[in-house]
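Here is a short note for a colleague opening this model for the first time. Please keep the structure in view while reading the points.

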Amino acid sequence: MSTPSPIRIAAVLSTEHRGRLMAQAHEVNFPENARIFDEGNRAESFWIVRSGTVTLEVPVAGRRPAQVENLGPGELVGWSWLFPPYVWQLGAEAMTPVRAYEFDAAAVRMLMDADPAFGSAVGHWVGRVLAMRLQQTRTRLLDLYAPRLGATG
């Protein structure tokens, strides 16, 4: 559930595009167990983890939310900010004290629209993150809730 990510910002965005994005960042801190966002709320910001661990979770009817992934330094927290209707599809919580860079989603979307090369690079990065997160969520939910092979009733 917490293997190193091949989609960290430094591995995906060029120095130029990373610099343009990071120029929009401001530093924030979340204490351990702080809710960063909840499914269904407006996605108006996103974060890149500097230190600490953020857990992504998916609500499950009648049960506690299922933890689907742990994110660490250099990883993107949140992708719903890029796609209308800009509403969180998962929840996120700081599992340890977290230091992060925070970005205003609307400002970054405006930069993406103004510079097609930058917009394409950021869009492809977020798309890669989204694809990986969907696969990891699917795998984790199958691990948690699929009938066990060979189990008898």
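1. Start with strand β4. Val54, Leu56 and Val58 point one way from β4, Thr55 and Glu57 point the other way, and all are buried. Buried means under 20% relative accessible area, with exposed over 50% and partly exposed in between (1.4 Å probe, protein chains only). In a regular strand the side chains alternate between the two faces of the sheet.

2. A word on the basis. This is a predicted model, where local features need pLDDT of at least 70, side-chain atom pairs count only at pLDDT 80 or more, and totals for chains, interfaces and linings use all residues. Residues are numbered from 1 along each chain as its sequence is written, and side-chain values use heavy atoms, leaving out hydrogens and water.

3. β4 spans residues 54-58 and is mostly covered, with five of its five residues buried. Helices (H or I, at least four residues) and strands (E, at least two) are DSSP runs, numbered from the N terminus.

4. Which strands pair with β4? One is β5, residues 66-71, antiparallel over five bridges. Another is β7, residues 91-94, antiparallel over four bridges. Two strands pair if DSSP finds at least two bridges between them. Leucine 56 has glutamate 69 of β5 as its bridge partner. Threonine 55 stands opposite glutamate 93 in β7.

5. Now histidine 17, in helix α2, residues 15-22. Is histidine 17 buried or exposed? Histidine 17 counts as buried because its relative accessible area is 13%. Leaving aside residues up to four places away in sequence, histidine 17 touches Ala117, Phe118 and Ala121. Contact means heavy atoms within 4.5 Å.

6. Last, the whole chain. It has four helices and eight strands. Of its 153 residues, 42% count as buried.
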